[in-house]
Amino acid sequence: MANRMDVLLAALDRQGFKSWQSLEGSWFFSRDGNVTTIDHEPGSPGEWLDLVSMLREMGLVLPYED
């Protein structure tokens with residue numbers, strides 16, 4: 001079973017986001033010229049909620065339906 005980050009990255013890819021991770025472990029998410037960065041993969045429920053909220057502000061639709 002995929003972990004949360006794998007599921008999120010797949011949803012971002014389907015919706016036109018670019019996502020990548022630096023060698024130091026930071027994550028970058030980009031869409032339509034907007035970029036947001038986190039310094040590590042979320043570990044707590046609060047960190048996940050913050051990340052999803054930021055990405056929703058950039059246009060992410062969750063749950064995603066075709």
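Let's start with a term: a residue is buried when its relative accessible area is under 20%, exposed when over 50%, and partly exposed in between, using a 1.4 Å probe and protein chains only. At 15% relative accessibility, Ser30 therefore counts as buried. This is a predicted model, so local features need pLDDT of at least 70 and side-chain atom pairs count only at pLDDT 80 or more, while totals for chains, interfaces and linings use all residues. Residues are numbered from 1 along each chain as its sequence is written, and side-chain values use heavy atoms, with hydrogens and water left out.

Ser30 sits in strand E2; strands (E, at least two residues) and helices (H or I, at least four) are DSSP runs, numbered from the N terminus. Taking contact as heavy atoms within 4.5 Å, Ser30 touches Gly16, Phe17, Lys18, Trp20, Val35 and Met58, leaving aside residues up to four places away in sequence.

Now for the sheet. It is open, with 3 strands in the order E1-E2-E3 and antiparallel pairing; two strands pair if DSSP finds at least two bridges between them. E1 and strand E3 (34-38) are at the edges with a single partner strand each, so one side of each has no neighbour in the sheet. E1 (residues 18-21) and E2 share 4 bridges. Across that pairing, Lys18 stands opposite Ser30, and Trp20 faces Phe28. The hairpin of E1 and E2 has 5 residues between the strands, and Gly25 there takes a positive phi near 105°.

On to the helices. Axes here are lines fitted to C-alpha atoms, for helices over the stretch in contact, and angles run from 0 to 180 degrees between N-to-C directions. H1 lies across E1 and E2, at about 20° to E2. H2 packs on the sheet too, touching E2 and E3, and its direction makes about 175° with that of E3. The axes of H1 and H2 come within 13 Å and cross at roughly 0°. H1 and H2 are therefore roughly parallel to each other, a label for angles under 35 degrees. Where they meet, Arg4, Met5, Leu8 and Leu12 in H1 contact Trp48, Leu51 and Leu55 in H2.

Conventions
Parallel < 35°, antiparallel > 145°, perpendicular 65-115°, else oblique.
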